[in-house]
Each structure stands twice: as C-alpha cells, then as structure tokens.
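Me: I'm new to this one. Could you walk me through how to read it?

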Amino acid sequence: MTLQNRSWAEPYKIKMVEPLKMTTEAERQAAIVEAGYNTFLLPSEDVYIDLLTDSGCGAMSDRQWAGMMAGDEAYAGSANFYKMRDAVEEYYSYKYTVPTHQGRGAENILSQILIADGNYVPGNMYFTTTRLHQELAGATFVDVIVDEAHDPASDYPFKGNVDIAKLEALAKEVGADKIPYVCIATCVNMAGGQPISMANLKEVRAWCDANNVLLVHDMTRVAENAFFIQQREDGYREKSIREIVYELCDLTDAATMSSKKDALVNIGGFLAMNDDSIYEKACNLVVVYEGLHTYGGMAGRDMEALAIGITESVQDDHISARVGQVEYLGNKLKMMGVPIVNPIGGHAVFLDARAILPHIPQDQFPAQALAAALYVDAGVRVMERGAVSAGRSKETGENFMPKLELVRLTLPRRVYTQAHMDVVAESVERVMKQASEIKGLKFTYEPEYLRFFRGKFEPVEG
Ligand SMILES: Cc1ncc(COP(=O)(O)O)c(C=O)c1O
Ligand SMILES: N[C@@H](Cc1ccc(O)cc1)C(=O)O
C-alpha cells in the first residue's frame, strides 16, 4: 500500500517531549494484580508504551496549541464555536453542529431524539457506548455487517460493509417503521478498524431512501476510512482524502463524532445533521446534559483546536503516515508469525487471542488475560476487545460470546516512533512464546454498565 520501495517518514518533527518511566517486571506484576488484571485500572505513570486507545491521547500540532491561546471562553456564542461549526460544514458537509463533551454525549442525545421504545437499530457491528445508548433509549441493536467481518483470517478489503440482505431481512421481520435509522460507522472499531466502501455506503443510502429510514454516521474514524477507499476502491485513487471524507459524510443524514480520534484533539465531540427539526430537538436536549448549544461541554480553546484538527486530519500526508505506522507494526507482527486480524486496521493492530491462547476457553476471557500478560512483559498497555467488552444480553442476562476475541494494540496519533513499535512487536513475540503459562481469568467485580472499564479479575487456578 503506502509502503513502496522507498523509505518514508512522519510528516512532522518533534519539538517537545514527555519522559517515560521504566518499571521492573516485579513492579508491573504487582501493578496488574492491584489493577485486578484490567489495563484500564493501571495508573498511566506505570505504563511504558501506552497503546490502550487512540482516544484523546494524540499529539496536537503547534498550530493547534497556538489556537488554544485564542480561546474565546464566553458562555454564549464563542467565536471558536462558529469556527468549529464552519469547519464541520466545509469538511464534513453537515449544516448544523451541536458540540458535546465527547462522542457518547452526542450518542445519548441522538438516541433520545430518534429512538422510541421497541425500535431496532441496525449497524455495521456494535460499538460499546453506541449500543448502550441505543438500548437505554429503548432500542435493540442488530448487527448487519458482512460475515467476513467476524472472521479474523479473512482478507476481505471492506470488512466494514453492510450486508444489505441482513438489513432487508430485519425490515421484513420487524417492519421498516420500527427502524428509526441505520447506524453506520466508518472504519469499524470493533471489527478491527475495518473500512466500509463508498459503493456499499451508496447501497445503504439507497436502501434507507427506499424504506424511509434515516442514515446516521459514527464518523469517529472517517479519515482513516477515506484512506482505505483511496487505496483500495476503483475510481478513488486520484481523489484526495479531503474529497473522499466529504463524499462519505454527504451520503448520510446525521453524524456523531468523538473528535478525540481522527480530529486530533484531546477532548470533545459533536452531533451534526442537515435536518432543522432534529437540530432543534438536539439544542433542547444538549442544554440538559452537556451545556449551552454553542459549547456543549467544550471550552472555547478546545473548539478552536478541533476546528484546526479537522483541517489537519484530512491531509493526505498525515493520514498515510498515520495508517502507515499501524501497518508497520502489523507487518512486523505478521513476519514474526503472530496471528492478527487481517487486513491490518486503520487505528490499531488486533491480536487474535483465541489463536494465541487456545488452552483458555472464551468464558475465561483469553483476550483479557493476554492484555494483562503483555503489560507485565514490557510495560506495554493494550485493551481487551472480546467477551468482556461484549457484555451481557439485555434480554437473557447471558454473556455474549463474540466470534472475535481480540487484543487491541491502538496507536495514538503522532505520538510514538517506529522504535517504540519495534519494542512492542518484540514483547508480543516473547509473550507468545510463553503463552501456555498464561491462565484464564474470572470476575471478582462486574460493574453493571460497560463492565470492561472498571471490572476486576483474578486468575482461574488449576
Ligand atoms: C467508534 C466509536 N464510536 C463512539 C465512541 C465514543 O466516543 P467517546 O469515547 O468520545 O465518548 C468511540 C470511542 O469511545 C468509538 O471508538
Ligand atoms: N473510543 C475509545 C475509548 C473507548 C474504549 C473502549 C470502549 O468500549 C469505549 C470507549 C476507543 O475505542 O479506544
């Protein structure tokens, strides 16, 4: 893909550094026990290379930091809000923008506006917070992603695609009038950072039009999706990321955004749409949950940084280096024989924990155990994305047992170097060699909502 015969380098240079703390293996062993084998509960000071998430932990540019000084912290009508709103319209096509403190704030408001009790919301695989807000608003989430997305070994280039036959079957079963909207994520997080193709999104759009159903876009990683379209889809090779991002957004009616990812800021999000009646309802609700409709929980300076981040996020050089670094790590792991989700994703490399730890049954959470072992080996923090994340069925209370039992090595944007990636890959290789010594885990504490964030575990003995 981007890695041709010549070497490439990041399109920036480093002008400020944050020292990292090294710890001993004994210290890390004590820290993971204290954290209940949950990497979310580790103090970040005890982490050497932090690949927990790509959310809010990217490096802002000097332009963005300069913009922070131009923060207009007026309670109402901040100049930075108008700049952010204009950037959303110019780059993402949506006419109306409602700021929120982060993505899930937007999900909450949108779900409350569009969902009625007993509705169904189809989507290209679930995301934890998105599904929870849909459920809290009274809907049942239905996965309509293509089957290939559930197979880590499949090389299918657009694993984020919707299987239109699944959408059609749902509408036949429950009635299209019970479907308020189809929820499409670009570069599907839980599928391994896998893109939806433009052609498929157009088909979804046509289906929505034919059935009088809205199309909502979780645009958290839209620029990464655009990069894969540019690389893989006929007719897009000569188009810029900026053009492709705009075209993707323009196919949809409304969007929720966690701007802590692709839009290169440390905090913030928004809800955006073209329909003025939805906008009016969103303005009514945002004042209840987030703040006035011109700040929605964001400081003026953060809205300024976001407006600038949007422009940087769609630059071709930026995005090819960003996805290129993920590819570099993924290819290195592949060469070492580590089983990972194929194709390599946009924001992360996903390890196939089932294949690495075949001796641990899924109800003993192999991905959680692997994430903990990786931390102990070299201080690299990663995240479980399997049965713990999937939670329990709201109907039966049973644990979901997803086909994908993964560990996610997530790359913050513009933060680490290739040397960090080498250290990470070597650690994964070392842990894999000792895989048979890793034990399964059981819950000692299970929170009611989004249990993966704060749950605690201990090893299953025997
Ligand atoms: C695909 C996707 N949607 C929504 C969210 C929610 O965003 P936030 O963490 O900003 O609330 C996230 C990350 O959490 C995400 O990765
Ligand atoms: N969206 C962020 C933070 C997050 C992590 C896990 C979640 O299930 C929810 C939110 C991420 O994907 O990394």
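Me: Which residue in E12 is the bridge partner of Phe350?

Reply: Arg408 is the bridge partner of Phe350 in E12. Strands (E, at least two residues) and helices (H or I, at least four) are DSSP runs numbered from the N terminus, and two strands pair if DSSP finds at least two bridges between them. Here five bridges join E9 to E12 (residues 406-410), and the two run antiparallel.

A word on the source: this is a predicted model, where local features need pLDDT of at least 70 and side-chain atom pairs count only at pLDDT 80 or more, while totals for chains, interfaces and linings use all residues. Residues are numbered from 1 along each chain as its sequence is written, and side-chain values use heavy atoms, leaving out hydrogens and water.

Me: What is the strand order in the open sheet?

Reply: The order is E9-E12-E11, three strands with antiparallel pairing. E9 (348-352) and E11 (383-385) are at the edges with a single partner strand each, so one side of each has no neighbour in the sheet.

Me: How many disulfides are there?

Reply: A disulfide is a pair of cysteine sulfur atoms within 2.5 Å. By that rule the count is zero. For Cys57, the nearest cysteine sulfur, that of Cys187, is 17 Å away. The sulfur of Cys283 is 20 Å from the closest one, in Cys249, which is too far for a bond.

Me: Is Cys283 buried or exposed?

Reply: Buried means under 20% relative accessible area, exposed over 50%, and partly exposed in between (1.4 Å probe, protein chains only). Cys283 has 13% relative accessibility, so Cys283 counts as buried. Cys57, at 32%, is partly exposed.

Methods:
Chains are lettered from A and ligands numbered from 1 in the order in which they are written.
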